[in-house]
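The following report examines selected features of one protein chain. Please keep the sequence and the structure in view while reading.

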Amino acid sequence: MSSSPLAVDLLIEARWVVPVEPHGVVLDDHAVIVNDGAIVAIVPADEARALYAPKERVSLGEHALIPGLVNSHTHNPMTLLRGLADDLPLMTWLQDHIWPAEGRVMGPDFIRDGVELAVAEMIRGGTTCANENYFFPDVIAATYRQMGFRAVVGLPIIDFPTPWAKTSDEYFQRAVEVHDALRGESLLSTAFAPHAPYTVSDENFERIRVLAEQLDIPIHLHTHETAQEVDEAVAKDGMRPIERLKKLGLLNERLIAVHMTQLTDGEIAACAAAGVSVVHCPESNLKLASGFCPAEKLRRAGVNLCIGTDGCASNNDLDMFGEMRTAAMLAKAVAGDAAAFDAASALRAATLNGAAAIGLGDKVGSIEPGKRADLVAVRLDDLETQPLYHVASQLVYATGRHQVSDVWIDGQRKLADKRLVGIDVDAIREKARGWRQRIAAEDPA
């Protein structure tokens, strides 16, 4: 006697399912079963039709279903500064344009409107989770919650006053308040976000280390971004930033080290031994001429290597498909090896590795039973992705974010046949234009 089909919320049939774990696997004609926001099973499509009775069935006959992309380093309110000060070196860009602009406009409205624009862009491009690093994390968190987007919200620490906080004590007090307010949130968690070694004192780094251990959260830090940063650190402290971080007890599995373009072989080995995660931001580093992250050396050493876009002021987009492609190709050039950082590894860096770095590796980043249903469908029958020989290679080297058709976060549909669900695109566009008028009128350039 056969049992009745099991009632579930959602059954997604796809021509290809790319689970990321196991590594490099592509499943033909499979279905992903979702119930209560979680992945229940991945089975051949014909079996799924017999075993399950879904409330909703989605058939994706020419698509690859992949885990939602994880943007491991971004400053999403800065979407509103996209293109403000291009073609400038890092410190000129920061000190003469970005920081003054932020000083004029930073506040809850700017933060909210920037995050709304970023979330709409990310969903349309297949990103379902962001590791956020900016001021007013309370407003950032409220906006992500309202839009149903998964994020790790950075708790900023920097050694000078901003509209968010004036003193070190206030930064830490407000950081703990935001962390406590987000306890129990299903889509939101936190990380300490000290700006950089050159803007954070030893005393504050030590406070961060202690609190991060107590609260069991990561530490999200720009470091070794440019040769100038490293040279100035040696002149000031008598040691390179990584050596200083190690001395302070911060070189460990909590550390998410962003950029990392200036590394010795010894530093790479130290990061691997300590369990540090590294976020490669290739397009931002290229645009600001910051240097080249030795991605393949890091990967071969066993470092957990992730991919991020950085903020729109220095990229100028939140396109993780473009970032994957640039990361993979740049890694080959830097390594002098065409086999370096292969397509499957690039896709893993943009999904499961990123999730692991931010403390969510048990929840998202791969299509596995028990994980949350953060899923992205990518249509692969466009002329630009024909003919198709190898799915992973096509996703990394030929696919554009415009081919993302459908997105789910925690089992909730956020993009349906390229149309955003529950997001007022016209209102977001109008707000962005309003900020452009205000910011452009005040920029000295």
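In this predicted model, the side chains of Arg-150 and Asp-374 make a polar contact of 2.7 Å. A second polar contact, of 3.1 Å, joins the side chain of Arg-150 to that of Asp-410. Arg-150 belongs to strand 7, which covers residues 150–157. Is Arg-150 buried or exposed? With a relative accessible area of 2%, Arg-150 is buried, because the cut-off for a buried residue is under 20%. Setting aside residues up to four places away in sequence, Arg-150 touches several others, including Thr-128, Cys-129, Ala-130, Ser-186 and Leu-187. Leu-360, Val-364, Arg-372 and Ile-409 are also among the residues that Arg-150 touches.

Asp-410 is found in the loop between strand 14 (404–409) and strand 15 (412–416). Its relative accessible area is 16%, and Asp-410 is therefore buried.

Asp-216 also has a positive phi, of about 60 degrees, without being a glycine. This aspartate sits in the loop that connects helix 6 (202–215) with strand 9 (219–223). Asp-216 has a relative accessible area of 58% and is exposed, since the exposed class begins over 50%.

**Two cis peptide bonds**

Which residues are joined by cis peptide bonds?

| Residues joined | Omega | Loop of the second residue |
|---|---|---|
| Asn-315 and Asn-316 | about 20 degrees | Asn-316: between strand 12 (304–307) and helix 12 (320–335) |
| Gln-386 and Pro-387 | about -10 degrees | Pro-387: between strand 13 (375–379) and helix 15 (391–397) |

**Strand 5 and its partner**

Strand 5 consists of residues 69–74 and is mostly covered, as six of its six residues are buried. Strand 5 runs parallel to strand 6 (residues 127–132), and four bridges join the two. Within this pairing, Leu-69 stands opposite Thr-127 of strand 6.

**Helix 16**

How far apart are the end C-alpha atoms of helix 16? Helix 16 has 18 residues, numbered 425–442, and at 1.5 Å a residue they should span 26 Å.

Ile-428, Trp-435 and Ile-439 are buried residues of helix 16. Seen down the helix axis, the buried residues fall within an arc of 30 degrees, which means that they line one face of helix 16. These buried residues pack against helix 2 (90–105) and helix 3 (108–124). The other side of helix 16 carries exposed residues, namely Asp-426, Glu-430, Arg-436, Gln-437 and Ala-441.

At the N-terminal end, helix 16 is capped by Asp-424. A side-chain oxygen of Asp-424 lies 3.3 Å from the backbone nitrogen of Asp-426.

**Ile-242 and its surroundings**

Ile-242 is located in helix 8, which covers residues 241–247. Its relative accessibility is 5%, and for this reason Ile-242 counts as buried. Neighbours within four places in sequence aside, Ile-242 is in contact with His-224, Leu-251, Met-260, Leu-263, Glu-267 and Cys-271. Thr-261 lies 19 residues from Ile-242 along the chain, and the C-alpha atoms of these two residues are separated by 12 Å.

**Cysteines**

A disulfide is a covalent bond between the sulfur atoms of two cysteines. How many disulfides does a search of the whole structure find? The search finds zero. Cys-271, for example, is in no disulfide, and the nearest cysteine sulfur, which belongs to Cys-293, is 10 Å away. A disulfide requires a pair of cysteine sulfur atoms within 2.5 Å. Cys-271 is buried, with a relative accessible area of 0%. Cys-312 likewise takes part in no disulfide; in this case the nearest cysteine sulfur is that of Cys-281, at 12 Å. Cys-312 is also buried, and its relative accessible area is 1%.

Methods
Residues numbered from 1 in each chain as written. Predicted model: local features only at pLDDT ≥ 70, side-chain atom pairs only at ≥ 80, totals over all residues. Heavy atoms only, no water. Expected span 1.5 Å × (residues − 1). Buried < 20%, exposed > 50% of the residue type's maximum accessible area, 1.4 Å probe, protein only. Arc of directions from axis to C-beta. Contact = heavy atoms within 4.5 Å. Polar contact = N/O pair within 3.5 Å; in protein donor to acceptor, adjacent residues only side chain to side chain. Pairing = 2+ DSSP bridges.
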